[in-house]
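User: Please take a close look at a single part of this model. Give me the geometry, the contacts and the cut-offs behind each term.

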Amino acid sequence: MQINFEHHQTAHCENGVASNLLLNRGLKLSEPMIFGIGSGLFFVYLPFLKVNFAPGFSYRPMPGAIFSKAAKRLGIKIKRIKFSNPKEAQAALEKNLEQNIPTGLQVGVFNLTYFPEEYKFHFNAHNLVVYGKEDGKFLISDPVMDFATTLTEAELEKVRYAKGALAPKGHMYFPTHIPENVHLEEAIKKGIKDTCKNMLAPVPLIGVKAMRWVAKSIPKWAEKKGTKVTNHYLGQLIRMQEEIGTGGGGFRFIYGAFLQEAAVILKNDELKELSKEITAIGDLWRDFAVDIARVYKNRNSKSDIYNQLSKSMLHIADLEEAFYKKLRKAI
């Protein structure tokens, strides 16, 4: 069983799977367009939730939310199924392949045999496409890789039934209906409005206010918990920003590309300027990550480094707040 499926590498797995699945059905939408319509820019801080012995930080919405929102706004229907029984999950996947339906899967990263060792960690919200089966092996299109690959039945079952937070539980999904005419203009506006609403939310757990809470907490961690714990927390912060789902800097660059495309479709030059602005903010997030990495590896001897990191993040939060207010006004 092999479906005629084009593998394209993308910056982020969920956008990439969505883009590749839709392209297979004849709808060509770029990764940035799906990301923007699906309101992929986000920030949440959950100090009461511990992930890898550190507070919960995330630069992205819940797994699946980007594709689900984008699909709803474009009039696309997606079928999502979870299975308690691994054998049923495999049978359903193979039935899809027999019907020429490439299928998106949520999987755990840690046991993906084709991932480089340094990329392996316990994270269960990775996405890939299965587009066939040959000689007992499933054909895999993982959009973060530059090549298509394979997994055995046992290997695929292991990652589909990874244990822990956000356990996939055999989750598979695929588009069942794509309208003949997709109204991009309206979908783009809805996506932008939702992003601005989330990032300018009046509650301290999400958006710009959450960024400020984290920033102000950095010196307090150093004072109350000591250097070792603080550095571990900061390590988790940049891991979520730069390694898990491309979050901080990388998402800003993708959003900048989305605004460039949106400017042409909506005939709105203001979005072009805002595209440059969010890209520059992405550069600052990357610089912030590098500064934290130096602290984490004991390569920064400045005495007030935690206060400096706090000020850097507060500065980024100020720039983002101004950006979302301008963006909201622009549309």
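Analyst: K169 sits in the loop between α5 (153-160) and β8 (172-177). Helices are DSSP runs of H or I with at least four residues, strands are runs of E with at least two, and both are numbered from the N terminus. Phi of K169 is near 55°, a positive value in a residue other than glycine. Most residues other than glycine have a negative phi.

Some ground rules. This is a predicted model, so local features need pLDDT of at least 70 and side-chain atom pairs count only at pLDDT 80 or more, while totals for chains, interfaces and linings use all residues. Residues are numbered from 1 along each chain as its sequence is written, and side-chain values use heavy atoms, with hydrogens and water left out.

S39 also has a positive phi, near 50°, and is not glycine. S39 lies in the loop between α2 (31-37) and β1 (44-51). Its relative accessible area is 1%, so S39 is buried. Buried means under 20% relative accessible area, exposed over 50%, and partly exposed in between, with a 1.4 Å probe and protein chains only.

Back to α5, and its partner α4. Two packed helices are described by the angle between their axes and the distance between the axes. Axes are lines fitted to C-alpha atoms, for helices over the stretch in contact, and angles run from 0 to 180 degrees between N-to-C directions. The axes of α4 (residues 86-98) and α5 come within 11 Å and cross at roughly 115°. That makes the two helices roughly perpendicular. Under 35 degrees counts as roughly parallel, over 145 as roughly antiparallel, 65 to 115 as roughly perpendicular, and the rest as oblique. The crossing of α4 past α5 is right-handed. Right-handed means that the near helix is turned clockwise from the far one by less than a right angle; anticlockwise is left-handed.

Which residues make this contact? From α4 come P86, K87, A89, Q90, L93 and E94; from α5 come E153, L156, E157 and R160. Contact means heavy atoms within 4.5 Å. By class there are 4 nonpolar, 1 polar and 5 charged residues. Ala, Val, Leu, Ile, Met, Phe, Trp, Tyr, Cys and Pro count as nonpolar, Asp, Glu, Lys and Arg as charged, and the others, Gly among them, as polar.

G136 touches E153 as well, along with T152, leaving aside neighbours within four places in sequence. G136 lies in the loop between β5 (126-134) and β6 (137-141). Its relative accessibility is 38%, which means partly exposed. Its C-alpha atom is 17 Å from that of E88, 48 residues apart along the chain.

The axes of α3 (residues 65-74) and α6 (residues 184-199) come within 9 Å and cross at roughly 140°. These helices are therefore oblique. Their crossing is right-handed. K69, R73 and L74 of α3 meet L184, A187, K190, G191, D194 and N198 of α6. That contact has 3 nonpolar, 2 polar and 4 charged residues.

Among the buried residues of α6 are L184, A187, G191, D194 and N198. The length of α6 checks out: at 1.5 Å a residue its 16 residues should span 22 Å, and its end C-alpha atoms are 22 Å apart. The expected span is 1.5 Å times one less than the number of residues.
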